[in-house]
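Trainee: I would like to go through this model with you, one feature at a time. Please tell me what the terms mean as we meet them.

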Amino acid sequence: MIKEWNLLRVIACLSIVFLHSTSQIGLATGFPETEYYQLLRTILCYATPTFIVLSEIILANRYPDQLPEKFWTKRLKWIFAPYVSFAIIDALVSYKLNPSTIDLKQMILNNIFLGQFEGYFILIIFQFYVLHYFVTKYKISINALIPVSILLMIFHFEILNGTFAFVQENMGVLKIPFTAWFGYFTIAYVIGKHYKKVSALLYKHKWLTLVGVIISLFGVFIFFKAGYTSVGSRRIDLLPLSIAISAAVIAWGQLIKNFKIINIISNYSFGIYLIHWQIQRYFGSDIAQLFDSTFSRVIALFFISLVASMAIIKIVSMLPFGSYVIGNVKRKQSQLKTLQQKVA
């Protein structure tokens with residue numbers, strides 16, 4: 001895997017774990033009475049869109065013209081099967097924590113078919129696969145699609161920010177359609193398809209990528225101060241932030257050595273994303289009681305849930321059915337070398 005891709009995946013993954021650590025500590029002990037805690041959490045929400053963006057960058061780079069044979073079979077085995085596994089695990093954990101209020105069967109169905117748990121991003125990624133198929137098969141002009149996709153995103157978010165009873169009652173479901181993420185797809189497609197040129201250009205102007213991050217952070221701050229204080233990925237101001245951070249990591253990541261720890265966390269990132277939330281839900285309150293400050297509680301939960309997730313992934317990966325639960329972490333080195341040669 002390209003080292004800057006690994007770095008971007010790791011940064012996004014760790015940001016997600018840290019974000020959820022702030023959420024669980026807040027639920028366990030109360031959120032600090034400062035708006036900047038919520039602002040930090042809002043900024044960290046860039047991570048899930050970035051995870052999704054990276055998936056399309058890689059897809060467009062590997063398969064710019066058409067999807068290969070067995071594409072869907074592999075994704076169903078190593079991405080959708082873990083999604084279903086954790087849809088069930090999430091429901092079981094919820095039932096264990098609140099047995100009197102949970103309809104276990106209904107929750108399992110809602111998780112699988114409606115994405116009503118933290119693995120919902122997988123449904124979005126699969127929609128991106130379908131979009132990629134149509135764009136490549138019918139040679140759709142991506143340049144024409146970019147403004148359309150962004151306008152559709154804005155329209156979708158305006159609906160979500162409305163006061164319609166139907167919208168408020170079905171907010172969790174309405175975040176799944178691809179139109180809420182369409183702009184991420186088109187921009188990521190361009191980056192991936194022309195990755196060699198784009199990465200070289202970003203490297204040449206690497207200092208400007210940092211300016212882009214600062215400007216996009218300021219944009220989130222302006223939106224936040226204007227009253228858009230919801231903590232979640234369904235914010236239009238996170239589109240420029242996610243793209244800016246991705247661009248900066250792609251640019252500066254080319255300078256960083258290929259550290260083993262980055263490769264390990266990157267390889268485990270999919271499983272970490274699925275597992276850490278359950279660990280935090282189960283042990284967050286107990287860990288919070290061991291520390292006195294919000295900062296120490298968040299840091300402790302972050303590191304404990306990260307290490308525990310990686311340990312569980314390692315153990316499960318040794319089982320015959322492990323890849324159907326935590327994804328394929330035993331990637332063949334020959335495949336990685338082939339991809340590196342392609343982008344080089």
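Mentor: Let us begin with accessibility: buried means under 20% relative accessible area, exposed over 50%, and partly exposed in between, with a 1.4 Å probe and protein chains only. This is a predicted model, in which local features need pLDDT of at least 70 and side-chain atom pairs count only at pLDDT 80 or more, while totals for chains, interfaces and linings use all residues. Residues are numbered from 1 along each chain as its sequence is written, and side-chain values use heavy atoms, with hydrogens and water left out.

Trainee: Is K70 buried or exposed?

Mentor: K70 is placed in the loop between α3 and α4, where helices (H or I, at least four residues) and strands (E, at least two) are DSSP runs numbered from the N terminus. Most residues other than glycine have a negative phi. K70, although not a glycine, has a positive phi of about 65 degrees. With a relative accessible area of 62%, K70 is exposed.

Trainee: What is the phi of K139?

Mentor: K139 lies in the loop between α6 and α7 (142–160), and at 62% relative accessibility K139 counts as exposed. K139 is not a glycine, yet its phi is positive, at about 50 degrees.

Trainee: Which residues does K175 touch, not counting residues up to four places away in sequence?

Mentor: K175 lies in the loop between α9 (171–174) and α10 (182–193), and because its relative accessibility is 14%, K175 counts as buried. Contact means heavy atoms within 4.5 Å. With residues up to four places away in sequence left out, K175 touches Y120, I124, A180, W181 and R234.

Trainee: Which helices do the buried residues of α5 pack against?

Mentor: In helix α5 (residues 104–114), the buried residues are M107, I108, N111 and I112. They are on the same side of α5 because they cover an arc of only 125 degrees around the axis, the arc being that of the directions from the helix axis to the C-beta atoms. On the other side of α5, K105 and F113 are exposed. The buried residues pack against α4 (71–97) and α6 (121–137).

Trainee: Which residues make the contact of α3 with α13?

Mentor: The axes of helix α3 (residues 47–62) and helix α13 (residues 238–253) come within 9 Å and cross at roughly 60 degrees, where axes are lines fitted to C-alpha atoms, for helices over the stretch in contact, and angles run from 0 to 180 degrees between N-to-C directions. That makes α3 oblique to α13, since angles under 35 degrees count as roughly parallel, over 145 as roughly antiparallel, 65 to 115 as roughly perpendicular and the rest as oblique. The contact is made by P49, T50, V53 and I57 of α3 and S242, I243, S246 and I250 of α13.

Trainee: How many nonpolar, polar and charged residues has the contact of α1 with α2?

Mentor: Helix α1 (residues 3–29) and helix α2 (residues 35–44) pack at an angle of about 145 degrees, with their axes 9 Å apart. The contact is made by S15, F18, L19, T22 and S23 of α1 and Y37, L40, R41 and L44 of α2. Ala, Val, Leu, Ile, Met, Phe, Trp, Tyr, Cys and Pro count as nonpolar, Asp, Glu, Lys and Arg as charged, and the others, Gly among them, as polar. By class, the contact of α1 with α2 has five nonpolar, three polar and one charged residues.
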